[in-house]
Every structure is written in C-alpha cells, then in structure tokens.
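Please take a moment to look over the sequence and the structure shown here, and then follow the paragraphs below, which move from a single contact to a helix, its salt bridges and a pocket.

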Amino acid sequence: MLKTLFPALSRVRFTVQLVMLFVSVYGSVLVGTYMADKISNALPALSCAYDQMNGGYCMLVPTQHIIHHRIGEAMVRAQQITFQMVLPLLMAFVSFFAFFFVLGKMFCGWVCPLGTLQELIGKLGRRFGFGLRRFAQGDLGEVKRVRPVKWLLLLGLVFILPLATGLGVTPHSLGNPYCDICPSRVATTLLTGNTEQLALRLGDNVSFGLGAIANLLIGFMLVGALAIRQPFCRICPLLAMNAVFQRLSPMRLAKKMHDNCGKCGICSEACPMDIPEIAKEEGRKAYHEDCTLCGRCAEYCPQDGVIRIKWGPFALFSSSREYYKIKVKGELPDGTVKPLKFVRNAARPSAPAPEAVDA
C-alpha cells in the first residue's frame with residue numbers, strides 16, 4: 001500500500017475549508033482594514049464579505065473591472081492601448097497564476113467559501129434524511145446538459161457584457177453583471193450579519209433585475225444544496241476559468257485503469273460533481289474540467305494506488321482498500337450518513353460493502 005502525506009484526506013480538507021471560510025468572512029475584523037487589504041490581494045477567495053472593510057479578492061472581480069473600466073473605455077479613446085488594456089489585465093492574470101500554480105483547482109474544493117457552505121448544507125440534508133438527487137450521467141444526461149452553462153456565464157457575464165458596457169453599448173449597470181448576481185456575495189455577507197446584499201436596487205430596471213436574479217440564485221443554492229450536491233459549483237464561471245488553466249498547475253488528479261474500472265462506479269458515485277469520466281477513463285480524460293480536486297474519488301476507490309492526488313511527482317494522497325473500508329463505515333460514497341435520532345430514517349441508497357468489491 002502506498003504511503004501518503006495526508007492519510008485522513010477528508011478531515012484535512014474539511015478543516016482547511018472551515019479555516020478559509022472563517023478567514024474569508026471574518027478575517028478583516030481580526031486583522032484590521034490595512035491587513036485586510038493585504039489579505040485580499042494575496043488570497044483570491046470567492047468572497048465579498050470584505051466589501052465593508054476593503055474588498056475581498058476574486059479573479060472574476062478584477063477581470064470584469066479591467067474589461068469594463070480599462071479595455072472597453074481604452075478602445076473607445078484609442079489611447080495608450082498597451083498600458084490601459086493589456087498590462088492591467090496581464091497583472092491580474094499573473095496574480096491569479098501565482099496562486100493557481102500552487103493549488104490548481106483545489107481552490108474550488110478546498111478554499112472557496114461558497115463551496116464549503118454548499119457542502120455543509122448538504123451534510124445537514126443527509127442528516128435530516130433528505131433524499132439525494134443525482135444528475136443523470138448518460139450521453140444525453142443532465143450532467144452533460146448542465147456543463148456548458150458555466151462557460152456561457154464566463155463568456156457572457158465576465159467578458160462580453162463588461163466589454164460592451166465599456167464601449168457604451170450596454171447600460172452602466174451591466175459593468176459587473178456576474179458580481180451583481182453571484183450567490184457568494186450574498187452568502188458571505190449574510191454570515192457577517194449584513195443583509196444589504198438582499199435589498200433590491202430600485203435605481204433602474206437593470207439593477208433591479210440583477211438583484212432579483214441574485215436573490216433567486218442564493219435561494220436556489222440554499223434549498224437545492226439540501227438534496228443536490230454542489231448545485232452552484234456546476235455552473236460557476238470561476239470553475240470554468242480554472243478549467244482553462246488546469247494543465248498549467250502541477251496539482252492534479254492522476255488515474256490509472258484497473259480491471260474493475262467502469263464496473264463498480266464507486267468513485268463516480270462519490271464525486272460531488274457526478275463526473276462519470278473518473279470511473280471510465282484514465283490520465284487526462286479522467287481529470288475532467290468539472291473536477292474540484294476534493295479527493296472523494298480517491299478516498300472511496302477500493303483499489304490500492306488507482307486514483308491519486310499529486311503535486312508534480314509527489315503523491316499527496318492515494319486510494320487504498322483499507323482506507324475505503326474504514327471510510328464507508330462512517331459515510332457512504334454518495335455522502336449518506338446516519339440521520340439524527342429525532343429524524344425519521346428515510347430510505348437511503350445503498351453502496352457496495354467493502355467485502356463485496358473485488359480486489
């Protein structure tokens with residue numbers, strides 16, 4: 001059995017998630033306004049809770065702002081194109097890559113506060129016996145129909161609309177359209193006790209419409225996460241942005257084929273993004289664009305060394321039959337756990353017992 005640096009991967013990840021959730025929401029209160037500014041420039045967390053003190057940093061924020069205020073307006077004025085268009089956007093991407101190179105897509109599965117909140121709500125749903133709703137994975141299944149949405153949101157809300165606004169084609173209210181509807185902005189500020197982001201802006205119809213969409217999205221996420229694993233992550237444009245560059249980070253998922261691959265399907269069942277490729281493919285095809293590197297597929301793979309999380313040549317975690325046997329005693333691959341005593345035990349999907357899986 002291969003040795004790993006993090007034998008209890010899910011516990012380590014959950015600890016990191018809670019710490020990052022606390023830092024991204026309450027960090028500015030602890031360190032003050034000056035240090036909050038330093039944190040926001042060093043930690044690209046998808047959190048806007050620092051808005052009250054001094055801006056939480058998210059890759060989508062500078063992208064929209066630069067395209068709106070720099071590129072669009074610079075194209076209209078046609079002045080100093082290199083310094084007003086290329087250089088600011090280049091610096092934003094350099095900052096993004098400096099962080100992304102180390103963690104890669106682990107940002108989505110380990111750091112993002114919105115992802116953490118969805119997981120916590122999902123755990124409550126399992127505890128209270130809410131039935132799990134999984135996305136169909138066939139060629140015409142729901143998974144493949146939903147996948148293009150994140151790319152459309154990235155292209156339309158992060159790039160096209162801010163650029164059109166900078167060119168004067170669309171109203172000024174559409175300068176930051178994704179931020180105006182982002183459920184993370186609402187959720188993380190609500191955790192600070194601030195309800196301002198829930199208020200609808202009546203200044204113009206566009207602002208009112210964006211605010212209404214934001215409220216619908218946060219409601220969809222809070223309710224949907226009780227029965228659907230990571231509902232917003234599936235359409236998040238930041239996941240799409242990370243997917244564009246996932247090959248440039250040494251942090252990756254490594255999968256090699258086993259005789260049982262494509263038969264037991266436990267790794268795909270454990271995946272909170274319902275990625276079927278992890279069970280059927282190997283190498284780059286198994287490391288799909290929807291992967292958040294949460295590591296659940298490696299935790300629930302019952303074969304030694306088949307699925308690994310690697311940073312360059314180093315294996316940080318590797319699947320193990322013994323680890324799988326211990327893991328399923330507390331939680332099934334789909335996240336089902338024993339419901340609370342005062343909650344009626346609903347029918348829950350079954351998972352192959354450790355002894356039933358062929359070596």
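The side chains of Thr165 and Thr170 are joined by a polar contact of 2.7 Å, where a polar contact is a pair of N or O atoms within 3.5 Å, one of which, within protein, must be able to donate a hydrogen and the other to accept it, while residues adjacent in sequence count only if both atoms are side-chain atoms. Thr165 belongs to helix α6, residues 142–166, and is buried at a relative accessible area of 8%; buried stands for under 20% relative accessible area, exposed for over 50%, and partly exposed for what lies in between, with a 1.4 Å probe and protein chains only. Helices (H or I, at least four residues) and strands (E, at least two) are DSSP runs numbered from the N terminus.

The model is a predicted one, in which local features need pLDDT of at least 70 and side-chain atom pairs count only at pLDDT 80 or more, whereas totals for chains, interfaces and linings use all residues. Residues are numbered from 1 along each chain as its sequence is written, and side-chain values use heavy atoms, with hydrogens and water left out.

Helix α14 can be read from its start. At its N-terminal end α14 is capped by Ser320, which has a side-chain oxygen 3.3 Å from the backbone nitrogen of Glu322. Within α14, which spans residues 321–330, the buried residues are Arg321, Tyr323, Tyr324, Lys327 and Val328. These residues lie on the same side of α14 because they cover an arc of only 145 degrees around the axis, the arc being that of the directions from the helix axis to the C-beta atoms. On the face turned away from that buried side, α14 carries the exposed residues Ile326, Lys329 and Gly330.

In one of them Arg229 pairs with Asp274, with 3.0 Å between the closest N and O atoms. This pair links distant parts of the chain, 45 residues apart, since Arg229 sits in the loop between α9 (205–224) and α10 (237–244) and Asp274 in the loop between α11 (266–270) and α12 (277–280). Arg229 counts as buried at 11% relative accessibility, and Asp274 counts as buried at 1%.

Another salt bridge joins Glu331 to Arg296, whose closest N and O atoms are 2.9 Å apart. Glu331 lies in the segment after α14 and Arg296 in helix α13 (residues 296–300), so the pair ties together parts that are 35 residues apart in sequence. Glu331 is buried, with a relative accessible area of 14%, and Arg296 counts as buried at 11% relative accessibility.

Both residues return at the largest pocket, where Ser10, Lys123, Arg296, Lys327 and Glu331 lie nearest the centre among 29 lining residues. The elements giving two or more residues to this lining are α1 (9–42), α5 (113–127), α13 and α14, and α5 gives the most, with 7 residues. A pocket is an open set of points on a 1 Å grid over the protein atoms alone, where a 1.4 Å probe fits, with protein on both sides within 12 Å along at least five of seven lines, and lining residues have an atom within 4 Å of a point.

Note on methods
A salt bridge is a side-chain nitrogen of Lys or Arg within 4 Å of a carboxyl oxygen of Asp or Glu.
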